[in-house]
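User: I have a protein model open and would like to go through it piece by piece. Can you help me read it?

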Amino acid sequence: MEWHDRSPAGADRPLQSAEDVVAAVNFAREEGLRPTMRGGAHGVAGHAVCDNGLMIDLSLMNSVTVDPAARVARVGPGAVLGDMDAATQKHGLATTGGVDSRTGVAGLTLGGGMGWLARSFGLALDNLIALEVVTADGQHRSASNDENPDLFWALRGGGGRFGVVTAFEFQLHKVGPEVAMAQVFHPGSDAAGALRFFRDYMAKAPDQVGAGAMVMTVPPVEPFPEDHHGKTAVALVGCYSGAMEEGMQVLQGIREYGNPILDVLTPIPYADLQQSFDQATPEGARYYWKSQYLSELSDEAIDTLVTHMESLPGPFTTIAFECMGGAISRVDPAETAFPHRKAPFNFGVWAGWAEPEYDDIAIGWTRKLHEAMTPYSTGGVYANYLDHDDSDKMKAAFGENHDRLQAIKKKYDPYGLFRIGGS
């Protein structure tokens, strides 16, 4: 994103093989340069580049190969979700992955990996079968339950501090090519009622429903009514990953409230659903994020949000409640490095604006809302949503798994070569 202004000492030309990565890691270690990794990109924190370091560019390693019989995809570290979805959907298969097709598969997966399919099949990291990674000593290792299982554990949710992943293998599931989707937009004046309804609907929803509630500015395009253009609205969005007829019936329930300004329930190609919110965060704009897990979406939390949402700072700002539960919650918190299995919602504040002179206003508003919602938090934060000034939140991101991660880090990176932010 355009927010960051940093000057690395060098940037490796886009690499094309694991052997290239080995050479780059060895060079960085021997020359005393801090390496950073650029995968599919899209991260607002800017961790892909640092001052006076070496940026390892993996963007050309973006291949995706699918074994439809085994339902396994092998994905390169430069691939984005759109690459993976296009390849897997040819076979009516998919795995959990984000809500923006431009998101890098690598960064998303190593930190968690929420998405429309997470309540059905778990996080992206829960669907990993194996990885290949170049560690700080320049060794190209395999990581799975059978090989280097401690490294495999750490890479599933511990972020990119353990080496450079050169390949991911994912378990795939029967999804699509069409899924049932509901998008219901309510006016901002009815935000409290719409959010309470959404909370109660999701409390009874089956695992096949992946859903989120988002506060955003209505874009000035059809089919939104013209008199609502530029105004704040609450979008209730749901996807059903099972049988179409059943999904259309289940998602009908998300429409049974209030007087929405836009109400859509339709079959949609899963790949199209994955791209449907891409335009909400255009490239070249300025972004600042804050997040925290909520212990519940209480009436008090909803009322607190409503007092802060009347005027969003910038046309690309979104406030989101991402629904967890389902398959996410049935994994023991110690089974992978991702510990936040019991939180019912992830609350995100994603400010987006265009003008540099608006920076202080947008950042200040985001911090104020985040602080106001903190009393309702579990105390944990989602590693993938940490921004450039969140290095002090590493323990909150990894919770009870933090100390074990540190021990594994020392084993595979005794040089302290790979770092994120101030970690």
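Analyst: We can go through confidence, then the sheets, then some helices and single residues.

User: What kind of model is it, and how are residues numbered?
Analyst: This is a predicted model, where local features need pLDDT of at least 70 and side-chain atom pairs count only at pLDDT 80 or more, while totals for chains, interfaces and linings use all residues. Residues are numbered from 1 along each chain as its sequence is written, and side-chain values use heavy atoms, with hydrogens and water left out.

User: What is the mean pLDDT of the chain?
Analyst: The mean pLDDT of the protein chain is 91, and 93% of its residues reach 70 or more. pLDDT is the predictor's confidence in each residue, from 0 to 100.

User: Where does pLDDT stay under 50?
Analyst: Over residues 1-11. The model has 40 contacts beyond four places in sequence for that stretch; contact means heavy atoms within 4.5 Å.

User: Ok, sheets. What is the strand order in the sheet of seven?
Analyst: The order is E14-E11-E13-E12-E16-E17-E15, in an open sheet with antiparallel pairing. Strands (E, at least two residues) and helices (H or I, at least four) are DSSP runs, numbered from the N terminus. Two strands pair if DSSP finds at least two bridges between them.

User: Which strands stand at the edges?
Analyst: Strand E14 (262-269) and strand E15 (286-294) do. Each has a single partner strand, so one side of each is left without a neighbour in the sheet. From one strand to the next, the twist averages 15 degrees.

User: How many bridges join E11 to E14?
Analyst: Eight, and the two strands run antiparallel; E11 covers residues 178-187. Glu178 stands opposite Pro269 in E14.

User: Which helix packs on the sheet there?
Analyst: Helix H7 (residues 244-252), which touches E11, strand E12 (209-217), strand E13 (232-240) and E14. The direction of H7 makes about 15 degrees with that of E11. Axes are lines fitted to C-alpha atoms, for helices over the stretch in contact, and angles run from 0 to 180 degrees between N-to-C directions.

User: Which residues sit on each side of E16?
Analyst: Thr318, Ala320 and Glu322 are on one side, with Ile319, Phe321 and Cys323 on the other, and both faces are covered. In a regular strand the side chains alternate between the two faces of the sheet.

User: And the partners of E16?
Analyst: Four bridges join E12 to E16, and Met214 has Ala320 as its bridge partner. Six bridges join E16 to E17, where Phe321 is paired with Phe347. E12 and E16 run antiparallel, and so do E16 and E17.

User: Now H10. How far does it reach?
Analyst: H10 has 15 residues and reaches 21 Å from its first C-alpha to its last, close to the 21 Å expected at 1.5 Å a residue. The expected span is 1.5 Å times one less than the number of residues.

User: Which residues of H10 are buried?
Analyst: Asp359, Ala362, Ile363, Trp365, Thr366, Leu369, His370 and Met373. Seen down the axis of H10, they fall within an arc of 160 degrees, so they line one face of the helix. The arc is that of the directions from the helix axis to the C-beta atoms.

User: What covers the buried residues of H10?
Analyst: The cover includes E15, helix H9 (299-306), strand E16 (318-323) and strand E17 (345-353).

User: What does His370 touch?
Analyst: His370 touches Lys290, Ser291 and Gln292, not counting residues up to four places away in sequence. Its relative accessible area is 12%, so His370 counts as buried.

Definitions and conventions:
Buried < 20%, exposed > 50% of the residue type's maximum accessible area, 1.4 Å probe, protein only.
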